Amino acid sequence: MKAIRIHHYGPPSVLTLEDVALPHYTGGDVLIRVAASGVNPIDWKIRSGNMAQAMHFPMPLTLGWECAGTIDAVGHIVTGFKPGDRVFTMPEFARGGTYAEYVAVDATQIALMPRTVSFSVAATLPMTAQAAWSAIEAAALQPGQQVLIHGGAGGVGSIAIQLAKLKGAHVTTTVSTRDVDRTRALGADVVIDYSAMNFADQVRQMDAVVDTIGGATQEASWGTLKPGGILVSLTQPAPRGRAEAAGVRTTQVMTQARGEVLKEIAALVDAGQLLPLACQIYPLSDAAYVHESGEAASLVGRTALHVAHD
């Protein structure tokens with residue numbers, strides 16, 4: 001099969017299209033013929049070596065941690081899925097390898113993909129949608145509560161907005177000028193253009209903050225919370241004692257691959273209650289160009305690598 005691999009960390013040019021063996025699958029796995037693979041910032045952070053100390057990968061490495069495709073074969077203990085099923089998944093980081101024509105995934109980490117979207121759009125949902133789901137879950141929002149979601153135009157933020165609204169929350173979000181109208185259309189109640197104003201001067205008494213950015217944005221967010229509120233970080237853990245000093249709570253979310261969550265996400269998409277971002281599609285062989293564009297922040301919306309027709 002064809003796969004995009006790296007043999008060492010480095011710039012986008014280290015991504016090479018190669019012929020490799022089919023992945024091995026065990027009794028609890030499914031073998032998926034990949035139609036499209038999602039592309040995420042974590043991909044180029046790993047490729048560049050920026051994550052080498054936190055996450056160790058043997059080389060050569062096939063990149064990619066979300067995809068959609070068709071089940072080609074199932075392990076002998078798998079129930080609920082069969083060859084021919086159209087599925088989407090976020091494989092665990094210990095496996096990955098979705099920049100390829102086939103990937104083997106634990107059956108507990110897949111779900112039938114939404115019927116109402118293409119393979120390419122479905123391929124861009126598992127990682128970001130599960131991250132947003134986990135963040136809103138950790139925030140434990142109740143109807144009428146106030147939540148500040150940073151990066152509302154991004155893959156995670158855009159879905160977090162919609163999930164928070166489904167919980168009945170009042171949503172404030174921060175975006176760039178070009179994304180104000182589009183983010184408001186997703187249901188955000190208050191949209192703050194961070195290039196025109198400082199959100200920390202505008203926002204107070206939040207029940208929760210969903211931090212998709214970290215750094216200075218996280219530090220400025222503590223003052224937006226009401227006493228006892230919670231900051232949910234999807235990036236970096238809060239400095240020790242920082243939440244206590246502000247009289248609030250904090251938690252860091254590490255996204256887990258959960259098929260049962262993907263099933264819920266697919267149902268919301270098919271019901272028209274969750275709108276994925278528009279998707280740019282490139283051939284698998286253009287992976288290096290996509291990484292280069294992503295690192296230059298010139299990609300808009302979500303991006304998928306087209307792998308195979310199905």
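## Aromatic pairs

In this predicted model, a search of the whole structure finds three aromatic pairs, where rings of Phe, Tyr and Trp (its six-membered ring) pair if their centres lie within 6.5 Å, with planes under 30 degrees apart counted as stacked, over 60 as edge-to-face and the rest as tilted. The rings of Y282 and Y289 have centres 5.8 Å apart and planes at 55°, so this pair is tilted. Y282 is buried at a relative accessible area of 17%, whereas Y289, at 45%, is partly exposed; buried means under 20% relative accessible area, exposed over 50% and partly exposed in between (1.4 Å probe, protein chains only). Ring pairs also link F57, W65 and F93 into a cluster.

Local features need pLDDT of at least 70 and side-chain atom pairs count only at pLDDT 80 or more, while totals for chains, interfaces and linings use all residues. Residues are numbered from 1 along each chain as its sequence is written, and side-chain values use heavy atoms, with hydrogens and water left out.

## H150 in strand β9

H150 lies in β9 (residues 146-150), strands being DSSP runs of E of at least two residues and helices runs of H or I of at least four, numbered from the N terminus. H150 is buried, with a relative accessible area of 0%, and its side chain makes a polar contact of 3.0 Å with that of T174 (N or O atoms within 3.5 Å, one able to donate a hydrogen and the other to accept it; residues adjacent in sequence count only if both atoms are side-chain atoms).

## Helix α10

In α10 (residues 287-295), A287, V290, H291, S293 and G294 are buried. Seen down the axis of α10, these residues fall within an arc of 165°, taken from the directions from the helix axis to the C-beta atoms, so they line one face of the helix. Their cover includes β1 (2-6), β3 (29-39), α1 (41-48), β15 (279-283) and β16 (302-306).

Key
Contact = heavy atoms within 4.5 Å.
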